[in-house]
Structures are given as structure tokens and as C-alpha cells.
Amino acid sequence: MTQRSNAAASKQPPKLSVHQRSRVLARKETLSAYLFLLPSLIFFLGFVVAPMVMCLVYSFFDMGLNMDEATFVGLGNYFEMFQDAIFRKGFLNTVIIVVVAVPTVTAFSLWVSSAIYQMKAFTRSFYRCVFYLPVVTGTVAVTVVWKWMFNPYNGLINQIFDSVGFNWLGNPKTALACIIMILFTTSIGQPIVLYVAALGNVDHSLVEAAQVDGATKFQVFWKVKWPQIMPTTLYILVITTINSFQCFALIQLLTSGGPNHATDTIMYYIFDMAYKYHRFGYANAMGVILAIIIAIFSAVQFKLAKSET
Amino acid sequence: MKKLLALLLALTMTFGMVACGSKETTDADQTTEPGTMETGDTANTGDTAEGGETTGDATAITIWTYPIGKFGDRDSVNELIAKFNEVHPEISVTLELLDYTNGDTQVTGAITAGTTPDIIMEGPERLVTNWGAAGKMVDLSDLWTDEVKADIEATSPSVVSACQLDGKYYEYPLCMTTHTMAINYEAFEAAGALQYIDEETRTWTTEDFQNALKALKDAGATPVNGIVYCGGQGGDQGTRALVNNLFSGTYTNAEHTEYTANSPENVEALTLLQTLVNDGLLVADPAAQAADELQQFANGTAAMTFCWNASNKAQYAADVSFTPFAMAFPSDDGEPELCGGIWGFGIFDNGDQARIDAAKTFIQFVCDDETQAAASVQMTGFFPVRSSLGNVYASTETEADADEFLTLMPYLGDYYNVTGGWTEQRTLWFNMLQQVFSGTDAQTAADTFVESANANIK
């Protein structure tokens with residue numbers, strides 16, 4: 001009996017100190033955390049990181065439909081890109097879209113949100129719904145409606161301006177402006193919803209204190225509200241910038257990059273090169289450059305926003 | 001308690017995974033038993049569209065069709081598949097419909113991902129020049145027996161040459177047609193412009209064309225006379241034929257080894273079109289593709305369309321409140337050369353001989369079966385490539401419509417769509433037209449086009 005109890009006692013795990021137990025616990029928690037992360041990590045690696053790496057690798061190759069006939073060209077695709085007049089035109093158009101659309105969308109969303117965030121719940125929801133509708137409506141449906149409105153012969157726009165026959169989307173001087181305008185209408189929904197929420201969360205005691213101290217409405221906004229909604233503004237700037245850089249469906253469905261490349265963007269040109277010319281290496285190289293440009297723009301925005309706060 | 005919960009959770013997940021796995025197996029089994037499956041179900045099974053499979057005695061294949069007449073209609077193709085399964089229950093066919101806006105992108109995506117269908121239905125410009133030249137298609141030479149060749153050659157030798165590349169046949173053709181233009185008969189009548197067309201032969205000269213445009217404008221019969229669309233590659237056969245015919249130019253040389261759109265005849269035609277647009281006799285629309293232009297024609301906004309054929313006539317029949325009168329493109333000598341359209345089947349090389357054989361069986365049923373071939377051609381709304389089929393529309397409801405286009409068949413010109421770099425030049429063509437209509441000198445724009453297009457010929 002004594003022998004048995006001695007044997008059982010010898011099998012028991014040695015007692016751990018508090019420090020050791022907390023380390024074991026921490027290790028277990030870390031393991032659990034990684035296990036929980038694992039599914040999304042697998043998807044992230046498989047569908048984001050791996051394609052990015054493949055994109056970078058392919059950009060050094062000249063490859064068509066036959067991947068096995070791909071030839072290594074080093075930086076050839078990159079050199080070609082900067083000598084390509086259509087790429088340069090697409091780059092310029094992309095920058096114009098971003099430079100015009102991003103501030104306009106952000107400023108307009110902030111203005112609308114400022115007007116509606118203090119309204120009654122029902123009215124506020126109504127406006128949010130109205131501005132969000134173009135976002136939830138399919139791009140194709142939105143595009144079809146706009147195409148009809150811009151129709152030169154029986155479109156609504158020409159009826160309003162009494163300019164029947166004027167081809168808004170077919171004129172190099174107006175086509176890009178039309179694209180930016182449509183992009184604007186489909187981009188403001190989400191920023192408005194975000195700004196309404198952010199403005200609703202502004203600390204009212206600070207606002208009241210500023211008002212008591214005699215601050216003007218502009219000062220209250222600029223000194224009190226603006227710093228508090230800056231994180232939201234930064235997020236809106238980044239997503240609007242990325243969306244503007246990646247504007248594709250509107251151009252594909254409305255103008256196919258025309259007239260005379262007036263609405264070509266980098267994104268559309270990438271599609272053109274990959275799926276019409278089957279120049280996958282060249283398209284990947286442009287994709288890499290586009291990603292770098294977006295990263296630079298986003299970094300600048302982060303930096304500026306940081307200095308503001 | 002925690003351990004018990006964890007065990008339960010683990011068991012649930014394990015069973016869930018097993019169940020998912022079982023379902024996949026069940027689906028696969030179903031796919032290989034076509035006799036027990038309704039065709040509609042097969043056709044709607046999107047998840048098997050990436051590729052068929054072979055299990056035991058049964059073979060599952062997939063077919064992707066572009067909207068060639070009723071081959072763009074799911075019910076009609078399902079009906080065809082059901083007829084096929086009556087004869088060949090051992091082969092199940094999964095259908096996926098493509099459209100001309102996104103179809104090429106889908107196919108290119110499938111090629112790069114290795115998930116191409118077994119059968120695809122389209123013309124030699126895609127099946128032969130594009131995918132065949134890239135080594136993605138199966139050589140169908142065994143289907144092209146001497147008898148078949150002779151039968152098709154009797155209709156048009158260019159069909160036989162269009163379906164092959166370097167001695168290998170990548171397409172087995174079913175039907176063909178000529179692409180024409182059409183006029184709004186009543187609008188022409190009201191403007192007194194019918195005098196400029198030969199109603200019997202459906203031809204007119206370039207001079208007649210210009211006079212008709214002036215008469216139409218003076219009468220104001222329709223808001224615009226005609227729209228030269230150049231917003232994309234859709235329906236570009238119409239603008240090519242318009243340019244080539246005005247002064248009897250050619251799009252490529254006779255050997256199909258280089259593009260010749262910058263020839264003096266073509267440049268003269270482009271310059272004339274530029275002038276007609278500047279004079280308000282025609283409208284150039286860089287935002288419109290053929291579908292947009294056709295809609296304006298059907299609405300009665302435009303008095304003519306440059307993109308017409310039997311299929312379009314059937315498609316827009318319900319929209320028009322006038323008589324669309326099919327015409328050849330105007331030419332300086334009154335002898336037009338119309339662009340041809342050939343459609344048929346090709347097989348992607350997926351490396352599975354059983355599936356390739358099954359795909360060939362299906363194609364032969366659709367194109368050659370005595371009880372089915374004529375009906376298959378009727379589905380397209382076009383005309384048979386096999387002379388032995390004769391007039392498949394005789395004594396049918398559509399006989400009159402078919403006769404209208406049969407009148408224009410003798411004007412079938414060179415089938416140049418097999419020239420190398422075909423896909424690439426289509427983008428260049430509409431961009432070139434945009435340049436011309438935005439004021440660029442026609443010769444300069446055409447030279448740039450030819451230089452770029454020829455650079456893509458491999």
C-alpha cells in the first residue's frame with residue numbers, strides 16, 4: 001500500500017512556481033491566439049500575400065497565354081512602361097481622378113454629415129440611406145442609368161441643358177469629368193455614414209466648453225471637432241484614394257478608355273494589356289507600380305494626418 | 001466541463017468536414033450519371049463548369065457558348081443537350097453562357113488558371129488565331145474527312161482555310177453569314193432616298209450613299225443619319241466593312257500576313273467619313289459600341305445601322321416600328337465585299353482523352369447528325385457551312401427573313417479574321433477611328449494603326 005502510494009506520488013507532475021505557471025499559461029494563450037488566427041492567416045497568405053509575390057515575380061517576365069514560354073526580361077517591362085505614351089496618359093488621368101475625387105468626396109461627405117448628424121434619428125437615417133444607395137446598387141446598374149442620362153440623342157442631361165446631340169462621354173474634353181462625377185456619386189455613401197457616426201461621438205462637453213469660452217462655430221469645428229474626427233478622416237482619405245486609383249468598372253462599361261485614351265487609367269490599361277493583349281508580365285509590372293504609387297499616397301496621407309493631430 | 005465542450009466542438013467540426021467531403025463526392029457522382037439527371041440541372045451547375053471528369057463508363061464535359069443566335073439562350077441549348085443525351089446518355093454536358101463583353105476575359109482567366117471548358121463555340125478568329133495558335137486547342141483533323149471538306153468547300157473554300165492553322169484544324173464549323181448594314185426603309189422613303197439604293201440587289205455606290213445622306217439630312221427623317229460607333233471592339237466588323245468598301249480597300253493582304261488599313265483606298269475612305277461627320281451627315285460616337293448604335297437604330301433615332309445580320313434582326317424585331325432593310329455596304333464600284341462570320345466548335349486540350357472523345361461526339365452530333373444538323377443551324381439564325389444541308393429555312397416561319405440575307409451571301413468577301421494579332425488589332429482599330437474623328441490626319445492615324453497591328457503578328 002505504501003509502495004503503491006509512493007509510486008503514485010512519484011508519477012505526479014512536479015509542482016510549478018507561480019512564475020512558471022504564468023509562463024505556461026501565457027504560452028497556451030499565445031498558441032490559442034495563433035490557432036484562432038490561423039484560418040484567416042491562411043487565407044491572407046494564399047489570396048493576398050502569394051498573389052502579390054507572384055505579381056512581383058511575373059513582372060520580370062515576358063509572358064503570354066503560354067506560361068511555360070515565359071522569358072526573363074529583368075526590368076525590361078518597367079523600362080518599357082515609362083516609354084509607353086498610353087501608360088503615361090493613363091497615369092496622368094489616374095492622378096487627375098485621385099487629386100480631384102479624393103478631396104471633393106471627403107469635403108462633400110463632411111459637409112453633408114455636419115448638416116445631418118444632429119437631425120432626428122429618422123431623418124438622419126433617411127439621408128444616410130439616400131446617399132448610401134449608389135454604393136449598394138450594382139456598378140453595372142448605376143452605369144447603365146448614367147449611360148442613358150448621358151445619351152447624346154435622348155439622354156436626360158442633354159434635355160436639361162438643351163444640348164441634344166452633344167456627346168458628353170464621347171468628347172475628350174468632358175469624358176474624364178463625367179467619369180469623375182459618376183465616381184463621386186458612388187463614393188460618397190460610405191464616408192457620409194462614417195462621418196455621421198464620428199461626429200456623433202465627438203465629446204459634447206468639450207464643444208460646450210469652447211462655446212462658453214466664446215469660440216466661433218468655425219473655431220469649434222476646427223479646434224474641437226476636427227481633431228476628434230481625424231482618425232475617421234484618415235480612414236476615409238485612404239479608402240477613397242485606393243478606390244479612385246482602382247477605378248475600373250465605370251471606365252470599362254462607359255468609355256473603354258476612350259475617346260482617344262482620354263479616360264484611360266493605369267487600372268484599365270492593366271486590364272487591357274492582360275486580357276486583350278495577353279501581356280501578363282507587362283500588366284503585372286504596371287500592377288507593381290500602381291501598388292507602389294498607392295502606398296506612397298497613403299503614407300503621405302498618414303504622415304500629414306499625424307502632423308495634424 | 002471545458003474538456004467535454006472542447007471534445008464536443010472538435011467532434012462537431014470533424015463531422016462537419018466529413019459531411020462536406022461526402023457532399024462533394026455525391027455531387028461528383030451525380031455529374032457522372034447523366035441519365036439520372038435533368039438537363040436543366042446539369043446546365044445550371046456552375047461549380048462543375050471548371051472542367052468535366054471521367055469516372056467509369058460515364059464522362060462529364062463542359063461547353064461554353066458565346067451568344068450566337070439561340071446558342072446564347074439557356075433553354076434552347078439545354079433542349080439540344082437533352083436531345084444529345086437521348087442518343088448518348090453516357091456523356092453529361094454542363095453549359096455555361098458567355099457574352100461578348102466579358103467572355104474573352106473569362107476564357108483568358110480560365111486558360112491561365114487551367115480551368116478551360118472542354119468545348120467552346122465561336123469563330124476562327126478566337127478558336128484558331130487566338131487559342132489555337134497558343135497551343136491550347138485540340139487538333140480536329142480527324143473530324144475533317146474528305147467528304148466533310150468537299151461539302152464545306154462547295155459552300156465556301158474560305159471556311160475550310162479559316163478553320164485551320166499550319167495544317168491543323170482547330171474549329172469544326174456549323175454556320176456562316178455575311179455581316180451587312182441596314183436602313184430604315186420608311187425613313188429613306190420619306191426622304192426620297194430610296195432612289196439611291198438598288199432594292200433588288202441591295203447594293204449602292206459610294207456616291208449614292210452620300211446622296212442618300214444628304215437627302216436624309218434635308219428631310220430630317222430621323223435625328224441622325226447614321227452613327228459610326230467606335231467606343232469599343234463590339235461590332236467592329238461593321239466599321240471595318242464600311243471603311244474597306246467605300247473605295248474598295250482591303251483590311252489585310254491576300255496572304256493574311258499584314259494589315260493594310262493605311263492603303264490609299266482606306267485612307268480615302270477614312271477621310272471621306274471624317275468629312276461626312278464634320279458636315280453633320282454622319283455622327284461619330286466614341287462612346288458607343290455596336291449594341292448602342294443598334295439600339296438607336298431600333299429606336300428610330302438613326303436611319304441606318306452598320307452592324308446588321310440575321311441574328312440582330314431577330315434580336316431587335318420587337319423593338320422596331322419600321323422596316324429594317326438589309327443592305328450591302330456602299331462601294332465605289334457597286335460591288336461590295338462583305339465581312340463573313342463563321343461559327344463552330346473547338347475543343348480545349350485538357351489532357352483527358354476520354355473527355356476529348358466525348359467532346360468530339362457532342363460536336364459531331366450537333367453539326368453532322370442527320371436529325372439535328374439543320375436544327376442546330378436554325379438555332380444560330382445563320383446559314384449552314386455544309387452545302388448538303390441546303391436551305392435549312394425552306395418552308396419555315398423565318399424563310400422570308402433568311403432569304404433577305406441569302407441575297408447578300410454572294411457578296412461574301414475574304415475571311416481575313418485569321419490574320420495574326422487579330423485580338424490585339426481590334427483594340428487598335430477603334431482607337432484609330434477615335435483619333436480620326438477627333439481630328440487626327442487619316443493617313444497618320446492609319447499608319448500608326450498598321451504599324452502597331454503588324455507588330456503583333458507572330
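## Terms and basis

A salt bridge is a side-chain nitrogen of Lys or Arg within 4 Å of a carboxyl oxygen of Asp or Glu. This is a predicted model, in which local features need pLDDT of at least 70 and side-chain atom pairs count only at pLDDT 80 or more, while totals for chains, interfaces and linings use all residues. Residues are numbered from 1 along each chain as its sequence is written, chains are lettered from A in the order in which they are written, and side-chain values use heavy atoms, with hydrogens and water left out.

## Where chain B meets chain A

The contact (heavy atoms within 4.5 Å) draws 36 residues from chain B and 27 residues from chain A. Between chain B and chain A there is one salt bridge, in which K147(A) pairs with D292(B), their closest N and O atoms lying 3.3 Å apart.

## Salt bridges within chain B

Over all chains the structure holds 14 salt bridges. One of them joins R126(B) to D104(B) at 2.7 Å, N to O, and both R126(B) and D104(B) are buried (under 20% relative accessible area, with exposed meaning over 50% and partly exposed in between, using a 1.4 Å probe and protein chains only).

Another salt bridge, at 3.0 Å from N to O, is formed by K313(B) and D401(B). K313(B) counts as buried because its relative accessibility is 14%, whereas D401(B), with a relative accessible area of 37%, is partly exposed. Salt bridges that share partners join R202(B), K313(B), D401(B) and E404(B) into one network.
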